[in-house]
Amino acid sequence: MHKEIELSNTTWWAIGGSSIALLSIGGYLWYQYRNKEKDEKSTSIVAKTPNTIEHPKIRQVPNWSSPFDMKYVDHVKEWLLPKIIKELPSLKAKQYAKTLKKAKGLIYDDDDAVKRVFAKELQDKTQVSSVSKAFWGLYKEDLWLYLKGFLSSSELNELVTQPVKQLPNYRL
């Protein structure tokens, strides 16, 4: 009644090879699944505790001797956070920039206008930076180089450098 099925060696090798291949694929898929779970768990832990990973930003001390740098005011504000400095309004900065542009004449320069802006109107070095930024925005020229182009070195020192050196770095 029972009839035995005889399998050839080739058939046994085919069945064994297929079984090994299926077990290998299953093992690989199981390994990938387990690693995905571990990654998700570690990601959720990191997401819940951001302070353990983030490092505080190191504040750079502004270069106090370069108030004609257009970014000087931004550097000072960043350095002093959360304190707020008094800033020169944009319209006022543009007005001073126009005054300085008009100070250069064809024959005679208006040294009094330059002196008035730097010695009387501007109250701190951040305001000098704001005027420098406004000058660039209006004329695409560097304010310091512009002033240096029509003032002699003694005039530049007397009308610009010395008054700016006496100004405070910023005001709160």
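Reader: Which residue forms a salt bridge with K77?

Author: E87 does, with the closest N and O atoms 3.3 Å apart. A salt bridge here is a side-chain nitrogen of Lys or Arg within 4 Å of a carboxyl oxygen of Asp or Glu. This is a predicted model: local features need pLDDT of at least 70, side-chain atom pairs count only at pLDDT 80 or more, and totals for chains, interfaces and linings use all residues. Residues are numbered from 1 along each chain as its sequence is written, and side-chain values use heavy atoms, with hydrogens and water left out.

Reader: How many salt bridges does the structure hold?

Author: Four. In one of them, E141 pairs with K101, the closest N and O atoms being 2.7 Å apart. E141 lies in the loop between helix 5 and helix 6 and K101 in helix 3, so this bridge ties together parts 40 residues apart in sequence. Helices are DSSP runs (H or I, at least four residues), numbered from the N terminus.

Reader: What ring does the charged end of K101 sit over?

Author: The ring of Y139, 5.0 Å from its centre. The rule asks for NZ of Lys or CZ of Arg within 6 Å of the ring centre and within 35 degrees of the ring normal.

Reader: Back to bridges. What does R171 meet?

Author: The side chain of D124, at 2.9 Å, N to O. R171 is in the segment after helix 7 and D124 in the loop between helix 4 and helix 5, 47 residues apart.

Reader: Is D124 buried or exposed?

Author: Buried, with a relative accessible area of 0%. R171 is partly exposed at 21%. Buried means under 20% relative accessible area, exposed over 50%, partly exposed in between (1.4 Å probe, protein chains only).

Reader: Change of topic. Which residues have the most contacts inside the largest nonpolar core?

Author: V114, F118, L122, L147 and V160, in a core of 26 residues. Such a core is a set of buried Ala, Val, Leu, Ile, Met, Phe, Trp, Tyr and Cys residues joined through side-chain atoms within 4.5 Å. Helices 3, 4, 5, 6 and 7 each supply at least two of its residues.

Reader: And aromatic pairs, how many?

Author: Eight. Rings of Phe, Tyr and Trp (its six-membered ring) pair if their centres lie within 6.5 Å; planes under 30 degrees apart count as stacked, over 60 as edge-to-face and the rest as tilted. F68 and W144 form a tilted pair, 5.0 Å centre to centre with 55 degrees between the planes.
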